[in-house]
Amino acid sequence: MTKLQNCLDTASIYVGTYAKYNNGSLFGKWLDLADYSDYDELITAMYELHSDEQDPEFMFQDYECPFLEKMGLLSECYISKDIYEIIEQINDSGHDLEVYEACVDCLGKMDFQSLYEYVNNFYYGEFNSDEDFVQWLYEDDTFNIPNWVVIDWSATARSIMFDYFESNGHYFRS
């Protein structure tokens, strides 16, 4: 599983400017987000990189860590002031980045605070199949079914899954 910290360790952006690009130059530099302690330090580095322009309009021509883009924290012309705070909040959550990505896959794009709350309130865990998940629900005593009842796990999983979402083996309550 990919930890978000590992994503931050490898998350980088290629920073050029629109003026250079419009004049036929791709001059810029890869900046690793982990090399900067916060947004302000990153912005300072970008201004220093393009100090030959009076008021550079930054262009993020390429970037690593697609989750940041999925969350709307990064695009060709934008980087969120909240990017470091959000990364820290996810790191402190105890969930892998993969869990947040799976939740976005299931529910679609949403603001980060809603995503964070959803994961913390409705994430059940990682399972190999719907049947394994549903069997865990029953064994966890969620449904209070006596252990002598014989259950068709495939049929039960098909019915139960109407109330849950799954992506890459990660399960959430709908």
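Where does Cys 65 lie? Cys 65 sits in the loop between strand S3 (58-63) and helix H4 (66-70), with helices (H or I, at least four residues) and strands (E, at least two) taken as DSSP runs numbered from the N terminus. The model is a predicted one, so to speak of local features takes a pLDDT of at least 70, while side-chain atom pairs count only at pLDDT 80 or more and totals for chains, interfaces and linings use all residues. Residues are numbered from 1 along each chain as its sequence is written, and side-chain values use heavy atoms, with hydrogens and water left out.

Backbone angles come up at two spots. Most residues other than glycine have a negative phi. Cys 65, although not a glycine, has a positive phi of about 80°. Its relative accessibility is 9%, so Cys 65 counts as buried (buried is under 20% relative accessible area, exposed over 50%, partly exposed in between, with a 1.4 Å probe and protein chains only). Asn 168 is also a residue other than glycine with a positive phi, here near 50°. Asn 168 is placed in the loop between strand S7 (164-167) and strand S8 (170-173), and at 58% relative accessibility it counts as exposed.

On to the charges. Searching the whole structure turns up three salt bridges, each being a side-chain nitrogen of Lys or Arg within 4 Å of a carboxyl oxygen of Asp or Glu. Lys 20 pairs with Asp 52 at 3.0 Å, N to O. That pair links distant parts of the chain, 32 residues apart: Lys 20 is in helix H2 (residues 18-22) and Asp 52 in the loop between helix H3 (39-49) and S3. Lys 20 also bridges to Glu 53, with the closest N and O atoms 2.7 Å apart. Glu 53 is in the loop between H3 and S3 too, so this pair ties together parts 33 residues apart in sequence. Lys 20 is buried at 10% relative accessible area and Glu 53 is buried at 16%, whereas Asp 52 is exposed at 58%.

The side chains of Lys 70 and Asp 105 also meet in a salt bridge, at 3.1 Å, N to O. Here helix H4 holds Lys 70 and helix H6 (residues 97-107) holds Asp 105, 35 residues apart. Lys 70 is partly exposed at 34%, and so is Asp 105 at 43%. Through shared partners, Lys 20, Asp 52 and Glu 53 join into one network.
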